[in-house]
Amino acid sequence: MTLEVVRSFFAWCSVINMALLVFWFLLFTFTRDWLKRFHGKWFNLSDSSFNAIHYGGLMFLKISLFLFNLVPYFALRIIG
């Protein structure tokens, strides 16, 4: 496996994960009430806990994206 293949792998992982992050944000922003009703069928969540869970998930995904995709990509760009 060449350096270019690994670099391309991390670049595409970053693009896919950013698209997932943006999709989740837009879904949560514009369909929050529908999501609350949908999840309310299985879980009895208050509005504040529902918001905290989604905010925490978005934050975890963003930190993971930076740590596991973008940092290795930029490190490979620097050494390559």
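This is a short tour of the structure, stop by stop, with something to select at each one.

**Before you start**

The model is predicted, so local features need pLDDT of at least 70 and side-chain atom pairs count only at pLDDT 80 or more, while totals for chains, interfaces and linings use all residues. Residues are numbered from 1 along each chain as its sequence is written, and side-chain values use heavy atoms, with hydrogens and water left out.

**Stop 1: the whole chain**

Show the protein chain as a cartoon. You will find three helices and zero strands. Helices and strands here are DSSP runs, numbered from the N terminus: a helix is H or I with at least four residues, a strand is E with at least two. Along the sequence the pattern reads α-α-α.

Now turn the model to see its outline. The C-alpha atoms fill a box of roughly 50 × 20 × 15 Å, taken along the principal axes. The radius of gyration of the protein chain is 17 Å, whereas a compact globule of 80 residues would have one near 12 Å. That radius is taken over C-alpha atoms, and the globule rule is 2.2 Å times the number of residues to the power 0.38.

Switch to a surface view. The accessible surface is about 6,100 Å², and 75% of this surface belongs to carbon and sulfur atoms. Such areas come from the Shrake-Rupley method with a 1.4 Å probe; for residues, only the protein chains shown count as cover. Of the 80 residues, 24% count as buried. Buried means under 20% relative accessible area, exposed means over 50%, and partly exposed lies in between (1.4 Å probe, protein chains only).

**Stop 2: the annotated spans**

Select residues 1-79. UniProt lists them as "domain: DUF6868" in an unreviewed entry. This span is 89% helix and 0% strand, and its end C-alpha atoms lie 16 Å apart.

UniProt positions follow the numbering used here, feature names are shortened, and annotations may be inferred rather than shown by experiment. Residues 9-32 are 96% helix and 0% strand, with end C-alpha atoms 33 Å apart. Residues 52-76 are 100% helix and 0% strand, and their end C-alpha atoms are 35 Å apart.

**Stop 3: serine 14**

Select serine 14 in helix 1 (residues 3-30). Is serine 14 buried or exposed? Serine 14 counts as buried because its relative accessible area is 7%. Leave aside its neighbours within four places in sequence, and serine 14 is in contact (heavy atoms within 4.5 Å) with Leu65, Asn69 and Leu70.

Contacts can also be viewed across the protein chain. Among those between residues at least 6 apart in sequence, 68% join residues at least 24 apart.

**Stop 4**

Move to methionine 59, in helix 3. Methionine 59 is partly exposed, at 39% relative accessible area.

**Stop 5: the salt bridges**

How many salt bridges are there? The count is three. A salt bridge is a side-chain nitrogen of Lys or Arg within 4 Å of a carboxyl oxygen of Asp or Glu.

Start with glutamate 4 and arginine 7. Their side chains meet in a salt bridge at 3.4 Å, N to O. Both residues lie in helix 1, three residues apart, about one turn of the helix. Glutamate 4 is partly exposed at 46% relative accessibility. Arginine 7 is buried at 11%.

Now select arginine 32. Aspartate 33 forms a salt bridge with arginine 32, with the closest N and O atoms 3.7 Å apart. Aspartate 33 is exposed, at 52% relative accessibility.

Through shared partners, Arg32, Asp33 and Asp47 join into one network.

**Stop 6: a nonpolar patch**

Finish with Val22, Phe25, Leu26 and Phe30. Together they make a nonpolar surface patch of about 420 Å². Patches are made of residues with over 30% relative accessible area and no salt bridge; like charges are joined within 9 Å, and nonpolar side chains (Val, Leu, Ile, Met, Phe, Trp, Tyr) within 5 Å. Zoom in on phenylalanine 30, in helix 1. Phenylalanine 30 counts as exposed, at 64% relative accessibility.
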